[in-house]
Amino acid sequence: MGQRLKDRVAIVTGAGSVGEGWGNGKAAAALYAREGAQVMCVDRDLAAAQETVSLIEAEGGAAFAHQTDVGKPSELKSMVEACIARHGRIDILHNNVGIEDVSPLEDLTEANWDRVHDINLKSVVFACKFVMPHMRAQKRGAIVNISSVASIRWGGVPYYSYYSSKAALNQLTRVIARKYARDGVRANVILPGLIDTPHVRTQIPGDAQQQAAVIADRNRRCPMGFMGSPWDIANAALFLVSDEARYITGAELVVDGGVTL
Ligand SMILES: NC(=O)c1ccc[n+]([C@@H]2O[C@H](COP(=O)([O-])OP(=O)(O)OC[C@H]3O[C@@H](n4cnc5c(N)ncnc54)[C@H](O)[C@@H]3O)[C@@H](O)[C@H]2O)c1
């Protein structure tokens, strides 16, 4: 176990994964715990959050699971209250949950547009709202938001609400960083490129051969020749929430193996 986050309390949303293996939030939760943080693993799927907690505890780390649908501000409020009741502080807020809706413009519905913005954007602003009084009182806090390179580039897929919500998330992060800089609260945003997560694999239709072709195509599209792993995103997040990044706030960190070059 490392010491970079010793005595820190971290909330990670979307800390489970939708299939076997490691997603971005799950890897971040595990890495924070490996560096000494006590991690609140938040997910709307309690069993998925509990699995992450079991993995962390098996490595000797400290974590607990909490069920929250981040699309509901009232549940985010309860999430923060539960963390404070248990630990009395919150040092790290890692907003990882993000969803997409792949609808051509012609088929876009108001409900789908609102749902994606509720989950990808409204969730983050309300999570920040509820943790901020605690971080300000502590005079210390680090927020990491998980955006996407889709916030700054066309990604080949017409998911309008995803592009829009992730772009807004970048600017939201900058505004929070600027507003709370004097309070010792830092906020940064990570823009992952093509990452090999269970979510991505469950989205690929077809048989094993067709799926292998899609994976090979995703690897080919990366200048480095391979998709990133959730640990690449987790390592970037670990840096940003650690004291090594104490003078970094309002930054957009692209972690994409060169996709946006
Ligand atoms: N995988 C990629 O290639 C890629 C690329 C760019 C950005 N991202 C971003 O990374 C983040 C995580 O992606 P992933 O593929 O690891 O995640 P994922 O889709 O596997 O989800 C992780 C967890 O989030 C939970 N979740 C979903 N909706 C929730 C809600 N409303 N409330 C609480 N929990 C909820 C799921 O139950 C799951 O356990 C997202 O923000 C995504 O936009 C991923």
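Reader: At what angle do helix 1 and helix 8 pack?

Author: This is a predicted model, where local features need pLDDT of at least 70, side-chain atom pairs count only at pLDDT 80 or more, and totals for chains, interfaces and linings use all residues. Residues are numbered from 1 along each chain as its sequence is written. Helices are DSSP runs of H or I with at least four residues, numbered from the N terminus. Helix 1 (residues 24–34) and helix 8 (residues 230–241) have axes 8 Å apart and pack at an angle of about 50 degrees.

Reader: Is helix 1 roughly parallel or oblique to helix 8?

Author: Axes are lines fitted to C-alpha atoms over the stretch in contact, with angles from 0 to 180 degrees between N-to-C directions. Angles under 35 degrees count as roughly parallel, over 145 as roughly antiparallel, 65 to 115 as roughly perpendicular and the rest as oblique. The angle here is about 50 degrees, so helix 1 is oblique to helix 8.

Reader: Which residues of helix 8 does helix 1 meet?

Author: Contact requires C-beta atoms, placed from the backbone, within 7 Å. From helix 1 come N24, K26, A27, A28, L31 and Y32. Their partners in helix 8 are P230, W231, I233, A234, N235, A237 and L238.

Reader: Where does helix 4 bend?

Author: Helix 4 (residues 110–138) has 29 residues and reaches 40 Å from its first C-alpha to its last, close to the 42 Å expected at 1.5 Å a residue. That expected span is 1.5 Å times one less than the number of residues. A bend is the angle between axes fitted to the seven residues ending at a residue and the seven starting there. Helix 4 bends by about 45 degrees at D118.

Reader: Which residue follows helix 4?

Author: Its phi is positive, near 60 degrees. The residue after helix 4 is K139.

Reader: Is helix 4 roughly parallel or oblique to helix 5?

Author: The axes of helix 4 and helix 5 (residues 160–179) come within 9 Å. They cross at roughly 15 degrees. That makes helix 4 and helix 5 roughly parallel.

Reader: Which residues of helix 4 meet helix 3?

Author: The axes of helix 3 (residues 73–87) and helix 4 come within 9 Å and cross at roughly 30 degrees. Helix 3 brings P73, L76, K77, V80 and I84. On helix 4 they meet S123, F126, A127, F130, V131 and H134.

How values were computed: Helix = DSSP H or I, 4+ residues; strand = E, 2+ residues; numbered from the N terminus. Contact = placed C-beta atoms within 7 Å.
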